[in-house]
Amino acid sequence: MRYLIAILGVLVVFGMTYAVSGDRRSIRYRPLFIMIVLQALLAFALLNTSIGEFLIGGFASTFEKSLSYAGEGVNFVFGGLVNQGQMTFFLSVLLPIIFISALIGILQYTRILPFIIKYIGLALSKINGMGKLESYNAVASAILGQSEVFISVKKQIGMLPKQRLYTLCASAMSTVSMSIVGAYMQMINPKYVVTALVLNLFGGFIIASILNPYTVSKEEDILEVHDEEKQSFFEMLGEYIMDGFKVAVVVAAMLVGFVALIALINGIFTGIFGISFQQLLGYVFAPFAFVMGVPWKEAVEAGSIMATKMVSNEFVAMLDLGKHTELSARTIGIVSVFLVSFANFSSIGIIAGAVKGLHEKQGNVVARFGLKLLYGATMVSVLSATVAGLFL
């Protein structure tokens, strides 16, 4: 039964994506088949093999050690504010982003990350049938973040047609920044975070290939990555530390606003209709949760968490998921994979703003296809969760 529901889920995702495709006759099915098979193999390897367990353990351990080092800095500045035995979300989950951001800056400065990103991207371009730029951008988005990634390709943004620009933006919305992965790992199981990161990478190409198919000629398939102006080591370090702090503060501010607004809306709906806004959205999203592999008796609760992520952000939804302790381990795993992406309404503005800051005309183009961008990124999350559900 599990396999039949998974097949149904994949068909639903493909059908809903195909229905709004910009050019159905240009869809290339061979790369799609290869990538969906790769997704299944990778999900199996990560969730059901000792090799996957070892890789995820190593990845999680690296972040755990990094977070413990970050804790030293947080403790030095804020130690007296934390009550013994209690976790303060801002101090324990968000402020360590500063240290992770600094590490990413060091790896960028020493040219280690650009080397890794470029050659993984080139290898991916052989599989997905897309251009080198799109493949580079997908890998870079998962490391640098959804707005910072466009700086590295800013020379080419003004020359890109609408189709290629869409794919670049879709990759940025379908993945998550490495700087906040450690924060996710403190709220949900690290193995679901790692699995989602890998599956979303291929899922982004799969959905974009159906929703937004096109071909890139050899003349157009040129990868030019912009190098930022050379800074001294400590200039760079200070910049990345401040960037990490800004991310932590912005996420904290959004959490305060969104959690408070959702509580207000829930209160209004409960008072008038006898049902909270999140429960109402849960019924809307329940069918999607079911085709992802969530048992029907838990589909409404799961759908409510999924909807919370879309209307607010993944942090709010992960905190909400932590409150639903009665959900089965399988449902928690599937929903966790779904939550690991930037597919929400606020991301439309973030991405459009980032592109507009580099090229005003192209930023306006991104704003016009913003809802289509969110639709595609949500389909990526549903597809990744469905494939992961096969092995949970």
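Here is a short tour of this predicted model, one selection at a time.

**Stop 1: colour by confidence.** Start with the whole chain coloured by pLDDT. The average is 83, and 91% of the residues score at least 70. Now pick out two elements: helix 4 (residues 89–94) has the lowest mean pLDDT, at 70, while helix 16 (residues 329–339) has the highest, at 94.

**Stop 2: helix 2.** Select residues 29–48. These 20 residues form helix 2, which spans 28 Å from its first C-alpha to its last, close to the 28 Å expected at 1.5 Å a residue. Which residues of helix 2 are buried? Show Pro-31, Leu-32, Met-35, Ile-36, Gln-39, Ala-43, Leu-46 and Leu-47 and you have them. They sit on the same side of helix 2, because they cover an arc of only 130° around the axis.

Stop 3: Jump to Arg-111, in the loop between helix 5 (96–109) and helix 6 (112–128). For background, most residues other than glycine have a negative phi. Arg-111 counts as partly exposed, because its relative accessibility is 44%.

**Stop 4: the largest nonpolar core.** This core has 122 residues, and the members that touch the most others are Phe-150, Cys-169, Tyr-184, Phe-315, Val-366 and Leu-373. As a general point, nonpolar side chains tend to be buried together in soluble globular proteins.

Zoom in on Val-366 next. Leaving aside residues up to four places away in sequence, Val-366 touches Leu-165, Cys-169, Ile-351, Ala-352, Val-355 and Leu-373. Two names here, Cys-169 and Leu-373, were also on the list of core members above.

**Stop 5: Ser-347.** Finish in helix 17 (residues 345–358), where Ser-347 lies. Is Ser-347 buried or exposed? It counts as buried, because its relative accessibility is 1%. Show its surroundings: setting aside residues up to four places away in sequence, Ser-347 touches Gln-146, Met-173 and Phe-342. Look at Phe-342 in particular, whose backbone oxygen lies 2.5 Å from a polar atom of the Ser-347 side chain.

How values were computed:
Residues are numbered from 1 along each chain as its sequence is written. This is a predicted model: local features need pLDDT of at least 70, side-chain atom pairs count only at pLDDT 80 or more; totals for chains, interfaces and linings use all residues. Side-chain values use heavy atoms; hydrogens and water are left out. Helices (H or I, at least four residues) and strands (E, at least two) are DSSP runs, numbered from the N terminus. Buried means under 20% relative accessible area, exposed over 50%, partly exposed in between (1.4 Å probe, protein chains only). A polar contact is a pair of N or O atoms within 3.5 Å; within protein, one must be able to donate a hydrogen and the other to accept it, and residues adjacent in sequence count only if both atoms are side-chain atoms. Contact means heavy atoms within 4.5 Å. A nonpolar core is a set of buried Ala, Val, Leu, Ile, Met, Phe, Trp, Tyr and Cys residues joined through side-chain atoms within 4.5 Å. The expected span of a helix is 1.5 Å times one less than its number of residues. The arc is that of the directions from the helix axis to the C-beta atoms. pLDDT is the predictor's confidence in each residue, from 0 to 100.
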